[in-house]
Amino acid sequence: MIIIVLIGVSFFTFLLTYIAPGDPVTAMYSASGTTPSAELVEQTRESLGLNRPFLEQYGTWLLNCVQGDFGTSYSFNKPVTSLLLSRLLPTLELALFALVLMLVVAIPLGILSATHKGGVADYIVRFLSFIGAALPNFWVGLLLMYVFAVLLGWLPVVSTGQGFTRLILPAVTLAFAMVGKYTRQVRTAFLDELNQDYVVGARCRGIKESTILWKHVLPNSILPLVTMLGLSIGSLLGGTCVVEVIFSYPGLGSLAVSAITSMDYSLIQGYVLWVALIYLVINLLVDISYEFMDPRIRVRR
């Protein structure tokens, strides 16, 4: 199924870039500050194979992709594969840091809200989670940048340098919206488990509430969270374009924006196929992990 989906994604991606307005050859020369003649444009199109029929171009490109060659970026004049790999590590660092921040905040808040259902703490947590989910990332990022980088001067304005501090503002921005979504999900999962018979039985046997929550309820509540985490990891590794552009972070998202603005079709095609592969592989790993986390799935199979 992964192979079929990737072929479909590759075909429609190539088709959309093929019929898109604009000429990548003209854009390539414009990026270098050159005004090409019509003859030079035609010669370049012929050398790049852009004047061949659509299916022939697609077949050649797909065959090269299978061999790990996504073509050459027009704007960067580098292989697309090397560009994607060079931006993967920064995006991976940012994604993992944002996920850790989110989990550290969302899980305790979700548990607090579930265990105090209908109380003051529950209403406060739910209100904050709705606010967090409603605020757009670009606004949160600009606000954090203004307060902590401009007014206080604690953190750098842009994240192009080295060191741990460059990750803080973009990671907090990404984690902010996810905290609201995951807090509500943790609350819902815990409430479902707290109403189960095994929890009532454990309380009747005099087991401490903290033991019930952490040793029994939490493991049984993880499964729906793993699915959401898989989707979030795929989204973050695919590149969070808005946040990366705001903080000038050298990740996959900012690379994709640069490719789109310069009409770098080879880079766009490689990026989309790359993101699709990441999503599919992560979802496959999530499906496999279910059997290890829930023995009932193995029994049903």
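**Labels and their grounds**

Author: The largest nonpolar core has 67 residues, and L84, M102, M178, Y182 and F190 touch the most other members. One caution: this is a predicted model.

Reader: What does Y182 touch, not counting residues up to four places away in sequence?

Author: Y182 touches M102, A106, L225, M228, L229 and S232.

Reader: What makes F54 and Y58 a stacked pair?

Author: Two numbers. Ring centres must lie within 6.5 Å to pair, and planes under 30 degrees apart count as stacked. By this rule the count comes to ten aromatic pairs. The centres of F54 and Y58 are 6.4 Å apart and their planes meet at 15°, so the pair is stacked.

Reader: Where do F54 and Y58 lie in the secondary structure?

Author: Both sit in helix 4, residues 54-66. They are four residues apart, about one turn of the helix. Both F54 and Y58 are buried.

Reader: Why is the pair of F148 and W154 called tilted?

Author: The centres of F148 and W154 are 6.1 Å apart, with 45° between the planes. Stacked needs under 30 degrees and edge-to-face needs over 60.

Reader: Are F148 and W154 buried, partly exposed or exposed?

Author: Buried means under 20% relative accessible area, and exposed means over 50%. F148 has 29%, so it is partly exposed. W154 has 61%, so it counts as exposed.

Reader: Which residues do ring pairs link into a cluster?

Author: F11, F12, F14, Y18, F54, Y58 and W61.

Reader: On to charges. How many salt bridges does a search of the whole structure find?

Author: Four.

Reader: What makes E56 and R52 a salt bridge?

Author: The cut-off is 4 Å from a side-chain nitrogen of Lys or Arg to a carboxyl oxygen of Asp or Glu. The closest N and O atoms of E56 and R52 are 3.6 Å apart. That is within the cut-off, so the label holds. E56 is partly exposed, at 40% relative accessibility. R52 is partly exposed too, at 30%.

Reader: How do you know that R166 and E93 form a salt bridge?

Author: Their N to O distance is 2.8 Å. The limit is 4 Å, so the pair qualifies. This pair links distant parts of the chain. R166 is in helix 8 (residues 165-194) and E93 is in helix 5 (residues 80-115), 73 residues apart.

Reader: What is the N to O distance for R187 and D122?

Author: The closest N and O atoms of R187 and D122 are 2.9 Å apart, and they form a salt bridge. Again the pair links distant parts of the chain. R187 lies in helix 8 and D122 in helix 6 (residues 120-134), 65 residues apart. R187 is buried, with a relative accessible area of 15%. D122 is buried as well, at 1%. Salt bridges that share partners join D122, R126 and R187 into one network.

Reader: Now the whole chain. How many helices and strands does it have?

Author: It has 14 helices and zero strands.

Reader: How do you know whether the chain is spread out or compact?

Author: Set its radius of gyration against the globule rule. The rule gives 19 Å for 301 residues. The chain comes to 24 Å, well over that value, so it is more spread out than a compact globule. Along its principal axes the C-alpha trace spans about 85 × 55 × 30 Å.

Reader: What share of the residues count as buried?

Author: Of the 301 residues, 40%. The chain exposes about 16,300 Å², and carbon and sulfur atoms supply 69% of it.

Reader: Last one. Why is V226 called buried?

Author: V226 has a relative accessible area of 14%. The threshold is under 20%, so it is buried. V226 is found in helix 10, residues 209-237. Leaving aside neighbours within four places in sequence, V226 is in contact with V286, S289, Y290 and M293.

How values were computed. Residues numbered from 1 in each chain as written. Predicted model: local features only at pLDDT ≥ 70, side-chain atom pairs only at ≥ 80, totals over all residues. Heavy atoms only, no water. Phe/Tyr/Trp six-rings, centres within 6.5 Å; stacked < 30°, edge-to-face > 60°. Helix = DSSP H or I, 4+ residues; strand = E, 2+ residues; numbered from the N terminus. Buried < 20%, exposed > 50% of the residue type's maximum accessible area, 1.4 Å probe, protein only. Rg over C-alpha atoms; globule rule 2.2 N^0.38 Å. Areas by Shrake-Rupley, 256 points an atom, 1.4 Å probe, with all protein chains shown as cover. Core = buried A, V, L, I, M, F, W, Y, C linked by side-chain atoms within 4.5 Å. Contact = heavy atoms within 4.5 Å.
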